[in-house]
Amino acid sequence: MLSIVAELAIAIFMTMNNNGPMKTFDSIQILRPELATSYLALLTAQPGRPIALFAPRRVGKTYFLDGDLSPAAEKAGFLPVYADLWLNRTAPLDAINQALEEALDDVNVPHSVLGRMVKTPVRKVGVLGASLGLGRTPTRRDLPDKPELRMDTLIARLANDAGKPVLLMLDEIQALAHSAGGDAVIASIRAVLQKHKKKVFAVFTGSSQEALGEMMMSAGGPMYQFAQLLTFPFLEIEFLERLAAHFSEVHPRKRLDVVALQRVFEHIGFKPALMKDIVKEMSAEGQTDVRLALEKFMKDDRNVPAWQGVFDALQPLEQAVLVILAHGIAPMGKDTIMALSTIPAVNATLAKVRAALDRMRKAGILCNPPKVGYMIEDRLFRDYLATTYQPNYITNGKIGTLRRIQE
Ligand SMILES: Nc1ncnc2c1ncn2[C@@H]1O[C@H](COP(=O)(O)OP(=O)(O)O)[C@@H](O)[C@H]1O
Ligand SMILES: [Mg+2]
């Protein structure tokens, strides 16, 4: 068996010897152009009706909008415009309008100053020809200040000036479900999209199935029967095959078991960046046992403080509820509430537990898929809690506290 140093030396040699751009695990990229084309076909088949792509956090939605959908849209004659509603959840319409305004600038303002000068007729030339007086730039009516009207005008102008329909991509639209005035924002978006159905097509993404579902299904809500809800697919085995292939390029005598990789990929919730981290770690050590690598990853001192930090920032009741969930116990069961109510620091009631669950759902720690009930969103965080804390109060049925399992 080779030492780690020798493995690394080979690894560095292999990467340096590669022709073209240096290949790394990080540069492995799965493109899905057919998926993009199929979404565009769906959109054009039903003008005025957006599609909403649902998938959990960090599985590749934004990456897809940027790397697959935007180029496919451009090729198909659309003008793609992207806005992140999660980052701007306090002012979502402003975020959309800013994205539209930037796109409008790009369409209208030639990229160099010289270009702009050439486009505008020259009115006067200085005596020595040194000062160029520019003609009046064509003026248009100002954009309305009211955000809803502004969006309406911007979409119309943008489609008109670009001479092509706009593909409006609104990332993490479920941010609107929890924001003040979110319903009114959705109503405006819906009205504008329907008014300009020949000029604008829209794709939404969402990370929270229940928030997205709530938005789409609540009768009377502005999103009701508006967008078509689709499940955004996880990366397939090709991704793992590419990781394994690169591993063997780096370690010519070693192979990764793709089926084992697949199991771990599923276990970590199909998150490609996380999977790359695990395989990079394996590669650095020349390790081929994926389960072992995952176990090690779970104890890694880069992960543990992050998980513990999230946990420590919570209130005692929330912590207790989280540990219960990590152990697969129903948080609102009668016995659970009774046991929790006996803990002095927690002092739970059904209403308090429900409120705690809801707070943690809004914070993105929990999810609440239909028919499944509350779950810890991050599988690895759940595993960490389950192996670190024991809900003694439940197991004894007596007064207890949250106790760390001794290592
Ligand atoms: N198709 C892909 N190929 C390679 N890596 C990907 C791919 N999709 C996602 N990733 C990796 O996963 C990370 C998270 O993806 P992202 O699109 O931000 O997730 P989401 O928007 O669903 O939360 C990216 O930064 C990238 O490193
Ligand atoms: Mg994203």
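Which helices each supply at least two residues of the shell around ligand 1? They are α3 (61-75) and α11 (272-285); helices (H or I, at least four residues) and strands (E, at least two) are DSSP runs numbered from the N terminus.

A word on conventions, colleagues. This is a predicted model, in which local features need pLDDT of at least 70 and side-chain atom pairs count only at pLDDT 80 or more, while totals for chains, interfaces and linings use all residues. Residues are numbered from 1 along each chain as its sequence is written, chains are lettered from A and ligands numbered from 1 in the order in which they are written, and side-chain values use heavy atoms, with hydrogens and water left out.

Let me turn to the ligand. Domain 1 (4-28 + 235-300) and domain 2 (33-110 + 143-231) both contribute shell residues, so ligand 1 lies between them; the domain bounds come from an automatic or database domain assignment. Among the 15 residues around ligand 1, those that come nearest are I30, R58, K61, T62 and Y63, where near means a heavy atom within 4 Å.

Now to individual atoms. A nitrogen atom of ligand 1 is 2.8 Å from a polar backbone atom of I30. Two further distances involve oxygen: 2.6 Å to a polar backbone atom of R58, and 2.7 Å to an N or O atom in the side chain of K61. A polar contact here is a pair of N or O atoms within 3.5 Å.

Finally, the sheet. Five strands form an open, parallel sheet in the order β2-β5-β6-β1-β7; strands pair if DSSP finds at least two bridges between them. At its edges stand β2 (79-84) and β7 (228-231), each with a single partner strand, so one side of each lacks a neighbour in the sheet. Within it, β5 (residues 166-171) and β6 (residues 200-206) pair over five bridges.

Terms used. A polar contact is a pair of N or O atoms within 3.5 Å; within protein, one must be able to donate a hydrogen and the other to accept it, and residues adjacent in sequence count only if both atoms are side-chain atoms.
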